Amino acid sequence: MVNVHDILETITMIQDENLDVRTITMGISLLDCCDPDIDKACEKVYRKITTLAKDLVKTGEDIEKQYGIPIIHKRIAVTPIAMILAPCKGGDPVKFALTLDRAAKDVGVNFIGGYSALVHKGFAAGDVELIESIPRALSATERVCSSVNIGSTKTGINLDAVGMMGRIVKQASELTADRDCIGSAKLVVFCNAPEDNPFMAGAFHGPGEPECVINVGVSGPGVVRAALAKAPDNANITEIAEIVKKTAFKITRMGQLVANEASRRLGVPFGIVDLSLAPTPAIGDSVAYILEEMGLEQCGCHGTTACLALLNDAVKKGGVMASSKVGGLSGAFIPVTEDAGMIAAARAGTLSIEKLEAMTAVCSVGLDMIVIPGDATPEIIAGIIADEAAIGMVNFKTTAVRVIPAIGKKIGDELEFGGLLGSGPVMKIRYQSPAKFIGRGGQIPAPLQSLKN
Amino acid sequence: MVGILAKVSTSCAEYNANVIEVTQSVLQDLFAMIMLVDISGMKGELSEMSDAMQKIGDEMGLSIHVMHENIFNSMHRI
């Protein structure tokens with residue numbers, strides 16, 4: 001029989017430490033929905049999504065009941081829409097966004113990702129049209145998320161696309177200025193974007209993926225923090241790493257169980273488990289608090305990058321053994337507005353954009369959910385994107401930028417999204433202009449991958 | 001509190017779920033009763049029984065968790 005201690009530990013994790021499965025994301029290929037007539041293509045897209053995902057939400061809820069595990073989100077990721085747009089002869093790309101939004105509402109998912117383009121080596125048919133339409137698409141829809149991949153280790157960075165995205169991010173904020181600039185919170189600019197990431201806003205169903213697949217994202221910063229809180233004060237850092245590893249193992253095993261069950265019930269192959277520590281604004285569910293539990297006075301102080309590197313690595317080591325297939329972003333997320341500890345550190349001025357940038361070199365994603373002043377020029381935003389992409393390119397890892405220019409607000413003001421997106425202070429940026437660099441355009445060549453020192 | 005076991009096992013019987021083992025202990029100052037229930041011949045869905053237990057819990061001021069054994073096996077065993 002199962003041991004009493006194990007039962008109570010699991011219940012405590014769920015009840016008191018915010019353990020949950022963050023998302024079950026169904027990836028759907030839309031490649032067979034192409035049509036020269038954009039309206040016909042939209043109709044095919046709608047039909048395919050609502051057919052394949054019709055039981056997704058109900059299945060998620062049933063699994064929740066069976067195992068007593070909260071499954072917070074049920075979501076959908078689709079083939080980058082730029083690829084579906086390519087064969088269309090004319091027509092407004094926003095029609096696809098409206099179709100995705102309608103399909104998401106009708107099957108009951110709260111986000112659908114894939115209003116995306118992959119332009120790390122240049123623009124193909126459909127790419128520029130799609131990217132230019134992103135601000136309008138995000139403003140006209142509620143549940144659609146967008147992402148653009150502008151660089152990779154193998155190809156280098158498309159600086160033309162970087163410059164373009166600086167402008168698009170700003171426009172996405174401007175068009176939704178009346179709704180706390182929510183547009184840019186649904187837009188991610190990637191370097192080395194994973195094709196199987198289940199987490200929004202950057203989820204899309206990569207061209208190398210199968211027809212339909214179930215990916216699961218686990219969470220659990222609160223559980224890791226609670227486990228560390230029980231460690232003695234004189235525990236050395238190796239022991240801390242071991243605790244994180246063991247906890248990550250348990251969390252991931254739960255994710256794997258849910259993934260297998262969802263895959264079986266829906267008759268859709270299991271793709272990957274994404275072993276990410278995804279914080280929420282809920283008390284205790286914070287990655288920053290884990291770092292503070294390791295011994296930092298506040299997240300952002302000197303030593304933060306080292307603690308985060310250890311955390312990120314230990315999460316992967318524990319998780320990899322617990323799941324048959326691991327993928328997506330897998331590591332620790334550091335979205336500022338979604339993490340109570342990060343918000344506090346940013347308000348106190350301990351956490352700066354520069355420190356966050358350093359942290360992204362060792363965490364799983366990038367500059368995530370950072371509110372910047374509304375008067376940041378498109379070139380400054382492009383500069384932020386270029387810096388972050390360079391870190392990803394050189395280190396062979398995924399990096400992303402999701403900054404929110406807070407239109408009409410200045411440093412120190414606050415932006416409030418509510419819900420899981422949270423809130424956060426407008427952070428300090430540098431106003432000296434990188435416009436000449438960004439304006440050069442072209443491709444930053446791919447980096448050397450040997451002779452490393 | 002009187003009748004916890006009676007109420008919970010009556011509800012199990014209504015769903016034709018067979019109570020195999022019951023352990024009771026005081027853990028971290030909390031009274032904890034753990035029941036192992038066989039649902040192989042159960043009537044209706046596990047989710048319905050879970051809702052019924054939730055209701056009993058609310059009425060009696062207890063918290064009752066209905067969880068499939070697999071979650072503990074997968075989390076705590078390799």
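This is a predicted model: local features need pLDDT of at least 70, side-chain atom pairs count only at pLDDT 80 or more; totals for chains, interfaces and linings use all residues.
**View 1. Chain B on its own.** Let's start with the fold: chain B has 3 helices and 2 strands. Read from the N terminus, these elements follow the order α-β-β-α-α. The C-alpha trace of chain B spans about 30 × 30 × 20 Å along its principal axes. Of the 78 residues in chain B, 33% are buried. If you look at contacts in chain B between residues at least 6 apart in sequence, 48% of them join residues at least 24 apart.

**View 2. Where chain B meets chain A.** Here 25 residues from chain A and 24 residues from chain B make up the contact. Putting the two chains together buries about 2300 Å², and carbon and sulfur atoms give 70% of that area. Across this interface, 8 residue pairs are in polar contact, with both residues at pLDDT 80 or more. On the side of chain B that touches chain A, the elements giving two or more residues are β1 (18-27), β2 (30-38), α2 (46-60) and α3 (69-76) of chain B. Among these, α3(B) gives the most, with 8 residues. By residue type, this side of chain B divides into 10 nonpolar, 10 polar and 4 charged.

**View 3. The salt bridge between the chains.** How many salt bridges are counted between chain B and chain A? The count is 1, and you can find it by zooming in on D51(B) and K65(A). The closest N and O atoms of this pair are 3.4 Å apart.

**View 4. A lysine in a loop of chain A.** K89(A) sits in the loop between α4 (81-85) and α5 (94-107) of chain A. Is K89(A) buried or exposed? K89(A) counts as exposed because its relative accessibility is 69%, which is over the 50% cut-off. Do look for I38(A) in this view too: K89(A) and I38(A) are 51 residues apart along the chain, yet their C-alpha atoms are separated by 7.3 Å.

View 5. Over all chains, the count of disulfides is 0. C34(A), for one, is in no disulfide, and the nearest cysteine sulfur, that of C88(A), lies 7.2 Å away. C34(A) counts as partly exposed because its relative accessibility is 25%, a value between the 20% and 50% cut-offs. Over in chain B, C12(B) is buried, with a relative accessible area of 1%.

Note on methods
Residues are numbered from 1 along each chain as its sequence is written. Chains are lettered from A and ligands numbered from 1 in the order in which they are written. Side-chain values use heavy atoms; hydrogens and water are left out. Contact means heavy atoms within 4.5 Å. Buried area is the accessible area (1.4 Å probe) that two parts lose on being put together, summed over both. A salt bridge is a side-chain nitrogen of Lys or Arg within 4 Å of a carboxyl oxygen of Asp or Glu. A polar contact is a pair of N or O atoms within 3.5 Å; within protein, one must be able to donate a hydrogen and the other to accept it, and residues adjacent in sequence count only if both atoms are side-chain atoms. Helices (H or I, at least four residues) and strands (E, at least two) are DSSP runs, numbered from the N terminus. Ala, Val, Leu, Ile, Met, Phe, Trp, Tyr, Cys and Pro count as nonpolar, Asp, Glu, Lys and Arg as charged, and the others, Gly among them, as polar. Buried means under 20% relative accessible area, exposed over 50%, partly exposed in between (1.4 Å probe, protein chains only). A disulfide is a pair of cysteine sulfur atoms within 2.5 Å.
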